[in-house]
Amino acid sequence: MNDLKFEISQVHAGWFVCLIGDVEIWASYIQMHDSPRQLLKLLGELMSGAREQGSVVFDEEPGCYILTVQRGERCSFSLGFTEKNFLDFYPEYPDGAAVLPELPRMVGDAETLLLVDDLDLYGFACAVGDAFSAYFTSDMREQYAKHWMPFPQEELLELRCILGHHSSGLQRINCPIDR
């Protein structure tokens with residue numbers, strides 16, 4: 001089982017840069033595709049049991065990274081890269097809508113499969129939640145929004161509630177799991 005690490009390296013001038021495992025991912029907001037928000041949303045849905053699998057595409061001008069996670073007896077993940085752009089696959093989604101059920105097959109279409117392994121989903125979700133929590137202060141959220149898109153506060157709070165984390169200055173207000 002892989003303790004897949006996740007770190008946010010930088011958010012600057014329309015780029016979101018993170019490490020997934022040892023792979024540096026550059027995501028552009030050129031298509032207004034908010035892959036960081038989609039990652040938080042996907043992890044929340046996987047952890048709550050609302051989904052069994054899903055993918056997130058990180059647009060990289062040109063090309064894209066595709067992260068796919070599948071729950072089951074053993075949770076697994078794969079990370080691939082293709083020279084194709086997200087909209088080459090899905091031109092009918094001009095807003096760059098993500099976490100589409102069809103995306104897992106895209107990993108098979110990827111030219112380069114970078115990582116494939118079993119996954120400690122809880123550990124990875126915690127690592128992602130912790131990385132975004134570092135941006136939770138108002139100054140950091142403001143910087144995040146200035147250089148990327150609005151901070152995914154709702155998705156982060158929902159994920160942290162699902163995970164049972166209520167520290168790091170995050171409040172347990174309107175926690176979806178309490179409803």
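**Aromatic rings in a predicted model**

Trainee: Is Y135 buried or exposed?

Mentor: The relative accessible area of Y135 is 13%, and buried means under 20% by a 1.4 Å probe on protein chains only, with exposed over 50% and partly exposed in between. This is a predicted model, in which local features need pLDDT of at least 70 and side-chain atom pairs count only at pLDDT 80 or more, while totals for chains, interfaces and linings use all residues. Residues are numbered from 1 along each chain as its sequence is written, and side-chain values use heavy atoms, with hydrogens and water left out. Y135 is therefore buried.

Trainee: How many aromatic pairs does the structure hold, and what kind is formed by F16 and F132?

Mentor: Rings of Phe, Tyr and Trp (its six-membered ring) pair if their centres lie within 6.5 Å, and planes under 30 degrees apart count as stacked, over 60 as edge-to-face and the rest as tilted. The structure holds 12 such pairs. In the pair of F16 and F132, the centres are 6.0 Å apart with 10 degrees between the planes, so the pair is stacked.

Trainee: Which elements does this pair link, and what are the relative accessible areas of F16 and F132?

Mentor: F16 belongs to strand β2 (residues 15-20) and F132 to helix α4 (residues 121-133), 116 residues apart, where helices (H or I, at least four residues) and strands (E, at least two) are DSSP runs numbered from the N terminus. Both residues are buried, F16 at 1% and F132 at 0%.

Trainee: What kind of pair do Y135 and Y144 form?

Mentor: Their ring centres lie 5.8 Å apart, with the planes at 70 degrees. The pair is therefore edge-to-face.
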